[in-house]
Amino acid sequence: RESDHRAWTPVTYTVTRQNATIQGLIQGKAYFFRIAAENIIGMGPFTETTKEILIRDPITVPDRPEDLEVKAVTKNSVTLTWNPPKYNGGSDITMYVLESRLIGKDKFHKVTKEKMLDRKFTVEGLKEGDTYEYRVSACNIVGQGKPSFCTKPITCKDEIAPPTLDLDFRDKLIVRVGEAFSLTGRYSGKPAPKVTWLKDDIVVKEDDRIKIKTTPTTLCLGILKSVREDTGKYCVTVENSTGSRKGYCQVNVVDRPSPPVGPVIFDEVFKDHMVVSWKPPLDDGGSEITNYIIEKKDTHKDLWMPVTSSTVKTTCKIPKLLEGREYQIRIYAENLYGISDPLISDEMKAKDRFRVPDAPEQPIVKDVTKDSAVVVWNKPYDGGKPITNYILEKKETMATRWVKATKDPIFPGTKFKVPDLLEGCQYEFRVSAENEIGVGDPSPPSKPIFARDPIAKPSPPVNPEAVDKTKNSVDLSWQPPRHDGNGKIIGYLIEYQKVGDEEWKQANLTADSCPETNYKVTGLTEGLTYKFRVKAVNAAGESDPAHVPDPVEVKDRLEPPELILDANMAREQHVKAGDTLRLSAVIKGVPFPKVTWKKEDHEVSPKADIEVTGVGSKLEIRNTVHEDGGMYSLTVENPAGSKTVSVKVVVLDKPGPPRNLNVSDVRSDSCYLTWMEPEDDGGSVITNYVVERKDVASAQWVAISSSSKKRSHMAKYLMEGTQYLFRVAAENQYGRGPYVETLKPIKAIDPLHPPGPPKNLHHVDVDKTEVSLVWNRPDRDGGAEITGYLVEYQEDGADEWTKFQTVPMLDCVVTGL
């Protein structure tokens, strides 16, 4: 009966067991139960439950949690996640307990905090290099359930993986203005790499149009409504502590071009046509200008008429004009993506507007000598047409007739050296300009000049200085005088004075003994200090002296050696075999250093040509071979010190022969070849091996593999019983190296094994001194025909077997017993 009812309800009348299952109860209600026993006489008294029973599912501890996984490992922490149990035991999970065990210890220890319901936990404070295993269990109101299955042993160390980058875009991308585009890809790495986007080496920043999205495994740069300024070289860098990877994409955002650049220039204007020009657009829209469209319009009409729509030049002839009418020109630029806005010209009247050039201004005459003079003038207004020639005329001042100074054209320069003047005569010059219309008026005559050489003393030499010295000499250097007095510099006089003396001594007696701008003053006394000065000399005499600024003490100068390396002395030099190796450097130092070339601390090969000059040294080896590779060093040494530089030379050549060629597993139709890589790969990676075979009866080698990268090969399709030789060669990008060949032929037959034991050995007759034996053939013959049977006997109790004889058949009579 229900606890709040008084009436009993029968459940069953015929239960012979001492238990019963009561069906149809309502969950959440409380019931009383009673039981009575019955026999043939009748029913006995009822026994009743002492207290009410509430109907509900039984509650147990939860099942074990699922899918315990390690998500991250560092040198001092481990992060784990798990899923809830499939069954919570009939009550909500109240917390999870995570336990760990140090490998080598027996017990698990709890690592989670109280009441933890999260299914993710990071165990921290671990010791680098220690190895742990973990398990987790769930708790409900009843208690703690079974633990999950343990993780694999986990060693505390930082997970390291270099970045990888897999891009969804190509090297180049073309986008129309206003369209969106995105650059996407996937990446990985441990620790988690940092992702950086660059455009033309500048970091890309997000704004209303530019969106950057990075997840732990994907990356994306998206641009909405692209503009021309988005054009550029985009670079994505994925970097962590182990390295970095980069991806590039040249994005070109294209549009129709901007208008041509004005103003429209009217280069030529006539009564029936014009020639106009303009400049290309400042922005071609990211695509080459394919065409200009030119139109004309009479200003009295509203109609634009086409002139041409197929020119790529920035100049155009506008034909079929009416004299006196005013015209406007408009020009469009066109590329693959559209036509620009127009450039419109000013109004221009169709009429002839050109004339001969104006007269130039009065010319100026300079640099007069006894037989020539240089005439200089300014360009006059050209009358609207380019000047094509200048006509220069001369006349003696007292004469009346002008004569052309030259029959050759003078253009485009506005200066001319007139030759063939008569020394002592007085001359005037005038100039007129010519264009395609004709010759303009002449200029006013120049001022008269006399044809004779002007000359004066030169100015002093410039910047004299002492550039070197020894214990008894000083080297001087200077620059020529700024003015030579219109006379050739014959040479220079050098003078010196001991500090404290008043008298200057001449180092050279005549100027022509020092025509250059340097001189070595010798015969000086070591340890004394001298002053120096230099004079320039021309036909008019000596210049004022130019003094070396500071007195010079005469003694040897020491400068430590210095090496200035040429490009071929980079840290590593690669040379193809057969080419020429060149190593060179510029050498400085006072006194000039001793030069030593070495290879691997030994003398260089006798085939090397070594050249030493006053400014450097060069080592050259022609027809290089692989053995010429190695570490080359150049040492320069003088009393002030020494300096050494080294360069590694790699001579790139074909590889050497493979090593240890071995044939194994020989069968009637195949065998297995193995070998080791060459000792010398020729300085380049081995790309493949070439395997060949040869029938010993044939002269011809046959290739059986030419692209294998492995150091083994199964040689198939052999002819049974035939003898073969094999050989292998290595190849790199510089060619095929020498072959290594098997030392002796191998015969293509299946391997032989000893036969099995004979079967069913028994005697068929016995006499006092002999026994007749018979037996059956063995199960296996070992791959070859059985040639006989060896019969042995042993006296009972003895250790040794005695050989009797070998018989060909399956029976034998053993005698002499």
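Let's start at one residue: Leu198 stands opposite Val203 in β16. Strands here are DSSP runs of E, at least two residues long, numbered from the N terminus. This is a predicted model, numbered from 1 along each chain as its sequence is written. Local features need pLDDT of at least 70, side-chain atom pairs count only at pLDDT 80 or more, totals for chains, interfaces and linings use all residues, and side-chain values use heavy atoms, with hydrogens and water left out.

Back to Leu198. Its partner in β19 is Cys235. β15 (residues 194-199) pairs with β19 (residues 232-240) in the antiparallel sense, over six bridges. β15 also pairs with β16 (residues 202-203), antiparallel again, over two bridges. Pairing requires at least two DSSP bridges between the strands. β15 and β16 make a hairpin with two residues between them. Asp200, in that turn, has a positive phi of about 50 degrees.

Next, an open sheet. Four strands run in the order β8-β7-β10-β11, with antiparallel pairing. Which strands are at the edge? β8 (109-110) and β11 (154-155), each pairing on one side only. β10 (residues 131-139) meets β11 over two bridges. Thr131 has Thr155 as its bridge partner in β11.

Now the largest nonpolar core. A core is a set of buried Ala, Val, Leu, Ile, Met, Phe, Trp, Tyr and Cys residues joined through side-chain atoms within 4.5 Å. Buried means under 20% relative accessible area, exposed over 50%, partly exposed in between, with a 1.4 Å probe and protein chains only. This core has 20 residues, and Leu583, Trp597, Leu619, Tyr632 and Leu634 touch the most other members. Elements giving two or more residues are β48 (581-590), β49 (594-599), β52 (616-621), β53 (630-638) and β54 (641-652). Beyond four places in sequence, Trp597 touches residues including Met569, Val604, Ile610 and Ser633. Contact means heavy atoms within 4.5 Å.

In soluble globular proteins, nonpolar side chains tend to be buried together. Val61, however, is partly exposed, at 33% relative accessible area. Where is Val61? In the loop between β4 (53-54) and β5 (66-73).

Last stop: Arg401. Arg401 lies in the loop between β32 (389-396) and β33 (403-404). Is Arg401 buried or exposed? Exposed, because its relative accessibility is 63%. Neighbours within four places aside, Arg401 contacts Lys394 and Lys395. Its C-alpha is 73 Å from that of Arg176, 225 residues apart along the chain.
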